[in-house]
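Colleague: I would like to go through this structure piece by piece. Could you show it to me before I ask?

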Amino acid sequence: MKLLFSFITVLLLVIIAYAGIRYASLYYVFGVIIPYAAVGIFITGFVYRVLKWAGSPVPFRIPTTCGQEKSLPWIKQNKLDNPSSTLGVIGRMSLEILFFRSLLRNTKTELREGPSLAYGSDKWLWLAGLAFHWSFLIILIRHLRLFTEPVPYLITLLNNLDAFLQIGVPPLYITDVVLLASVSYLFIRRVLIPQFRYISLISDYFPLFLILGIGISGILMRYFFRVNLISVKELVMGLVSFNPQVSADIGSIFYIHIMLIATLFAYFPFSKLMHMGGVFLSPTRNLANNNRMIRHINPWNYPVKVHTYEEYEDEFRDKMKAVDIPVEKE
Amino acid sequence: MSDVLKPAELSKINYKPPRKEWMKTPVNFKHGMYIYPAKAKNLKYLDMPNPREWSPTDKDWKLPENWKEIVLEGMRERLGKYRSFKIFMDICVRCGACADKCHFFIGGGDPKNMPVLRAELLRSIYRGHFTKSGKIFGSLNGARELTVDVLKEWFYYFYQCTECRRCSVFCPYGIDTAEITMMGRELLNLLGCNVNWVIEPVANCYRTGNHLGIQPHALMDMFEMMLDDIYDRTGIRVKPSFNRKGAEILFVTPSADYFAEPGIYTCMGYLVLFHELGLDYTWSTYASEGGNFGLFTSHEMIKRLNAKIYAEAKRLGVKWILGGECGHMWRVMHQYMDTMNGPADFLEEPVSPVTGTKFENAKSTKMVHITEFTADLIRNNKLKLDPSRNDSLRVTFHDSCNPARAMGILEEPRYIIKNVCNNFYEMPENTIREQTFCCAGGAGLGTDEMMETRMRGGLPRANAVRHVHEKYGVNRLACICAIDRATLTTLMEYWVPEVKVTGVHEMVGNALVMEGEKERTLTLRGDPLKETEGEVNV
């Protein structure tokens, strides 16, 4: 149901874009208005969400420590998994964000006869996740060749590296293959493993279909239904320079691609995809474990009702005196 | 224990989730898997809301009329006060990496014990009441209305979590279920839906200074018994002081350490160690509890109970505080105390009077962990140790959740163990250090009425112990946590009866060669020091 709902929604988006271009020639709507609106929503929404998070304070310093603490000088501290300094935190966060450090620890628990529990290493989720995010990023950067004139050398270089296998005309991008493969793995895993299907929501399936749709439409456009790249670049440059020009000689597959991307952008701030921003702010990861060294301040720390020593002694004074425990008042 | 299934039956675990969606599966309170509610008198003593007689299995929970408003307002307030809560509500991608990391899921198979789903119990209400997409798409997008059934589900599952943080080690965003469970319990507490196993210790601690409600004269009796036993084993009469002003150090440990076996042997370990060092220290009857069941109630309650520690240190005029072996106590001392009840500017930066070592890592909070203290002593050759006195023990070490995942105390206890005994074997690497498995009785779950949950949730820990028992003949499970000493004992009796539980300082006490001691023939437990081969330690 949730899967189907997500799939149909993505399909509808494709049909809308196709029909809008093919039968209604709404070039301006799909080529200008929707992309602008999507980027607008993305930026405003993203900033809003991050500011909202930042608006909630961090009352306590609660890092999850994943290695030896800094204590006695002769005990070797694990500075990356249990950092006690800002530099260490930067290291920990970099490993987390660039290489998915925590996911790398993933294991798979197996219950055997006995009972005997075994914890096998399970790196597939880590590998697929990493492959997906990195290929997505490279593809995004590659696309900047359409947004820049002249194209910066680094982007051209990345583009050429990505296509270095030189298979086919135009040459196949490695990241295209990796993206589709990894997203497919993430999708299949979610559907086939009963526990993960059990916890999955529309907001899990929908972005997967959307990204698959973006990848497939992009590949179709590059290798099968070739579009006029010069017109595409003119359109994009027009958008970037706030002087949009629409042209009728770009195939509808391009508008499908744009429609799906626009949807992803607009959907982003309202969804779990915000983990992109959230991971930076996670208090169990981005704080140093220096709790006993430097006092952490809670901005809303308020006085509470306590049971004072005086009240305690008043209740137990006789009993204390009977066993020679010193008291304040005789 | 008698009505819990036999181990062979209990270990048949079905991991397959039901066909029906989880939101449409109401909670079914199963005997042995929930805790009796807090007694009204305890709630009243603490000025906590809605004291009443009720049972979780009742249809009517006697909630306040505006309960829904209270919960939603409570959520709104906490979303604004805790960035952790807000972010953890928003960014989970349900990748499932946490699913099989929870000991309760591994041992029970209930899908709502997967950390991701435990959090979704709360997240679904967050989406339904606080987000647009939830309001528009409803259950399709994992949102739902707050109902009494949801509350019941919260009560069941937030008291089937030990806040051990193992899942948060594996989460790519560090989402910490302990944080979620703490929030869930805070909200339940607003309605008076709490458990007596947590609230009674809290009320006791508030009044008498310790969870067990031990009054000063009774506390002295307990110490007398331990001191007699020490005299019997060592020939030395140890004389600790209580509530003594002007001592250099205040020592604080969980009351379970002087209340019952096997904790008392650890406590005897502290007593002989401090005696041998001639440490200028004092115990306190007012701050006679290191543990803090406030952690299992609410942030406010943590602070209300914890306040005694600094207050007593100030009243007695000590220089710094030394803390005993305890898990959740150290989460509070390390991550909350200074922020809540500090600054401790009336204390001095801790320096070991024996070695002169400055504990720089505790210079603000001014509280040192006993394993840091003892490891430093051993490193500086200040203790005369005879590890062969522990030769009847084949030891493995259980990293307690909080010292491992909220501090990173991993090497200190190992260093001590390796110096006080000759036979030490590690459990498999996925079950120790930051990946350690909980005893399944932490966070206020260590009561008999939770026996099935505890034995199930304890399976991963017990299984790793069984592994080293079979492989190396391990017969002693060491730990640095008072809850562990109580709950692991029960767990071992059930899954690996050949293994007994010990604190690290019990072994220190055994190995410690004391000045003027008689020839030792008995361990602090009263067992013969040298055992004949193959005999099982009782």
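Colleague: In what order do the four strands of the open sheet in chain B stand?

Modeller: Keep in mind that this is a predicted model. The sheet of chain B is open and its pairing is parallel. Its four strands stand in the order E2-E1-E3-E4.

Colleague: Why is one side of E2 and of E4 in chain B left without a neighbour in the sheet?

Modeller: Strand E2 (281–282) and strand E4 (367–369) of chain B stand at the edges. One side of each lacks a neighbour in the sheet because each has a single partner strand.

Colleague: At about what angle to E4(B) does helix H17 of chain B run?

Modeller: Helix H17 (residues 370–379) of chain B lies across E3 and E4 of chain B. Relative to E4(B), the helix runs at about 70 degrees.

Colleague: Which element gives the most to the side of domain 1 of chain B that touches domain 2 of chain B?

Modeller: Between these domains of chain B, 20 residues of domain 1 are in contact with 24 residues of domain 2. Helices H1, H5, H9 and H10 of chain B each give two or more residues to the domain 1 side. The most, five residues, comes from H5(B).

Colleague: Which helix gives the largest share of the side of chain B that touches chain A?

Modeller: Here 95 residues of chain B are in contact with 81 residues of chain A. The largest share on the chain B side is seven residues, and it comes from helix H15 (residues 299–316) of chain B.

Key: Residues numbered from 1 in each chain as written. Chains lettered and ligands numbered in written order. Predicted model: local features only at pLDDT ≥ 70, side-chain atom pairs only at ≥ 80, totals over all residues. Contact = placed C-beta atoms within 7 Å. Pairing = 2+ DSSP bridges. Axes fitted to C-alpha atoms, helices over the stretch in contact; angles between N-to-C directions.
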